[in-house]
Amino acid sequence: FLQSMGLAGMGGAAFPTHVKVASGPARTLIINGAECEPWITCDDRLMREHPGEIVAGALDLAAAVHADEVVIAIEENKPEAIAAMRQAAEASSVTVVAIPTIYPAGGEKQLIARLTGIEVPYGRLSAEFGVLVFNVGTARAAHRAIHRGEPLIERVVTLTGAATNPGNRWVRIGHPIAELIDEMRPTPDV
């Protein structure tokens, strides 16, 4: 089903979600709310604005991979996102943890090591060690696919840098990057 909905990892690698789910079971499911770069804020906004859908999607993914434990990890410099996610997770078995804001906190293997103590060696997959990691955007997309029949057709992206109109935008998959660059109105680097 997830394949027919076009779900792919929203953390950057765009790995097919159905393939990762099929690599389970996993004892621990980690939902990654740590941005992969210091200037990116799209996951932060997503967690503040859609925490319930992210928690519901985390539980959907946990059921699919038979996880015993679900942890949502968020960098400690995102207090509003942490508060929103903790409130959304209150009545569930999901644990929300604040992690140090240290680049690259959002790297999958670094996050697994920090949260579980498991070191996933180069060339090996985390599923071999009973751990799977999905981005918060992937969890939300899974929830919307499963409960609303909504395929993955858009994502939130951060437009940042030397510009007069930076920010986060909902963008359809396949939207021309040149139009986004024009929309953020770049300014010359000084």
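In the predicted model described here, the buried residues of α4 are Ala81, Ile82, Ala84, Met85 and Ala89, where buried means under 20% relative accessible area with a 1.4 Å probe and protein chains only (exposed is over 50%, and partly exposed lies in between). Helices (H or I, at least four residues) and strands (E, at least two) are DSSP runs, numbered from the N terminus. Residues are numbered from 1 along each chain as its sequence is written. Local features need pLDDT of at least 70 and side-chain atom pairs count only at pLDDT 80 or more, while totals for chains, interfaces and linings use all residues, and side-chain values use heavy atoms, with hydrogens and water left out.

The buried residues of α4 pack against α2, α3, β2 and β3, contact being taken as heavy atoms within 4.5 Å. With α2, the packing angle is about 35° and the axes lie 8 Å apart; axes are lines fitted to C-alpha atoms, for helices over the stretch in contact, and angles run from 0 to 180 degrees between N-to-C directions. On the α2 side, Asp44, Met47 and Arg48 make the contact, and they meet Glu80, Ala81, Ala84 and Met85 of α4. Sorted by class, this contact holds 4 nonpolar, no polar and 3 charged residues, with Ala, Val, Leu, Ile, Met, Phe, Trp, Tyr, Cys and Pro counted as nonpolar, Asp, Glu, Lys and Arg as charged, and the others, Gly among them, as polar.

Turning to the sheet, 4 strands form an open, parallel arrangement in the order β3-β2-β1-β4; two strands pair if DSSP finds at least two bridges between them. Because β3 (95-99) and β4 stand at the edges with a single partner strand each, one side of each has no neighbour in the sheet. On average, neighbouring strands are turned by 25° against each other, direction ignored. The parallel pairing of β1 and β2 runs over 5 bridges, and Leu29 stands opposite Val70 in β2. Helix α3 packs on the sheet, touching β1, β2 and β4, and its direction makes about 150° with that of β1. Helix α4 also packs on the sheet, touching β2 and β3, at about 165° to the direction of β3.

What about the interior? The largest nonpolar core has 37 residues, and Leu29 and Ile31 have the most contacts inside it; such a core is a set of buried Ala, Val, Leu, Ile, Met, Phe, Trp, Tyr and Cys residues joined through side-chain atoms within 4.5 Å. Its largest share, 6 residues, comes from α3.
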